[in-house]
Amino acid sequence: TALALRQQNRAILRRTLYESFLTVFDADEADIRTEAILALLTGVNMKTQMAAGPDFPRIAAQPAYRERIRSWARALAGLEEQQAG
């Protein structure tokens with residue numbers, strides 16, 4: 001059940017990101033950026049979970065942790081490029 005819920009959540013996030021990216025990028029670029037964001041979120045959170053163990057929820061709730069991930073995601077998404085251009 002947990003795996004099915006995780007896969008469903010990933011599919012929803014992927015669709016949402018992809019559709020959003022399609023408003024500013026062509027389909028290929030939107031797909032690449034979507035996968036990059038998903039890989040970032042999965043990797044960072046998995047690494048933090050392994051390091052923090054049961055303390056993960058507290059660490060993940062910290063504003064600095066969330067802002068660091070948000071900054072990396074914005075860079076991968078190319079949002080700064082779009083705002084500058």
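Predicted model: local features only at pLDDT ≥ 70, side-chain atom pairs only at ≥ 80, totals over all residues.
I started at Ala64, which lies in helix H4. My working rule for elements: helices (H or I, at least four residues) and strands (E, at least two) are DSSP runs, numbered from the N terminus. Residues are numbered from 1 along each chain as its sequence is written, and side-chain values use heavy atoms, with hydrogens and water left out.

Is Ala64 buried or exposed? I found a relative accessible area of 57%, so Ala64 is exposed. The cut-offs I use are under 20% relative accessible area for buried, over 50% for exposed and partly exposed in between, with a 1.4 Å probe and protein chains only. I also checked Ala64 against Phe21, 43 residues apart along the chain: their C-alpha atoms are separated by 26 Å.

Setting aside residues up to four places away in sequence, I see Arg66 touching Ala60 and Ala61 (contact means heavy atoms within 4.5 Å).

Glu67 is another H4 residue, and at 41% relative accessibility I count it as partly exposed. I looked up its distance to Leu40, 27 residues apart along the chain, and got 14 Å between the C-alpha atoms.

**H4 as a helix**

I wanted to see how the length of H4 works out. The expected span of a helix is 1.5 Å times one less than its number of residues. With 15 residues, H4 should span 21 Å, and its end C-alpha atoms are 20 Å apart, so the two agree.

Which residues of H4 are buried? I noted Tyr65, Ile69, Ala73 and Ala77. They cover an arc of only 95° around the axis, which puts them on the same side of H4. The arc is taken from the directions from the helix axis to the C-beta atoms. On the other side of H4, I found Pro63 and Ala64 exposed. Just past the end of H4, Gly78 has a positive phi of about 75°.

**The nonpolar core**

Next I went through the largest nonpolar core. I define such a core as a set of buried Ala, Val, Leu, Ile, Met, Phe, Trp, Tyr and Cys residues joined through side-chain atoms within 4.5 Å. It has 15 residues, and those touching the most other members are Leu17, Phe21, Ile37, Val44, Phe56 and Tyr65. Helices H1 (2-21), H2 (27-52), H3 (56-60) and H4 (63-77) each put in at least two residues. H2 gives the most, with six. In soluble globular proteins, nonpolar side chains tend to be buried together.

I then followed two residues by their contacts. Leu17 touches Thr34, Ile37 and Leu38, leaving out residues up to four places away in sequence. Thr48, in H2, has a relative accessible area of 13%, so I mark Thr48 as buried.

**The largest pocket**

How did I find it? On a 1 Å grid over the protein atoms alone, a cavity is a set of points where a 1.4 Å probe fits but cannot get out, and a pocket is an open set with protein on both sides within 12 Å along at least five of seven lines; lining residues have an atom within 4 Å of a point. Grid points are joined across faces, edges and corners, and a volume is the space filled by probe spheres set on the points.

I read a volume of about 420 Å³ for the largest pocket. It is lined by 14 residues, and the closest to its centre are Arg6, Arg10, Leu41, Thr42 and Asn45. H1 and H2 each supply at least two lining residues, and H1 gives the most, with seven.

I stayed with Arg10, which sits in H1. Its relative accessible area is 38%, so Arg10 is partly exposed. Beyond its neighbours within four places in sequence, Arg10 contacts Glu35 and Leu38. Arg10 and Val24, 14 residues apart in sequence, are 22 Å apart in space, C-alpha to C-alpha.

**Whole chain**

Last, I logged the overall numbers. The protein chain has five helices and zero strands. Its C-alpha trace spans about 40 × 30 × 15 Å along the principal axes. Of its 85 residues, 22% count as buried. Of the contacts with a separation of 6 or more, 47% come from residues 24 or more positions apart.
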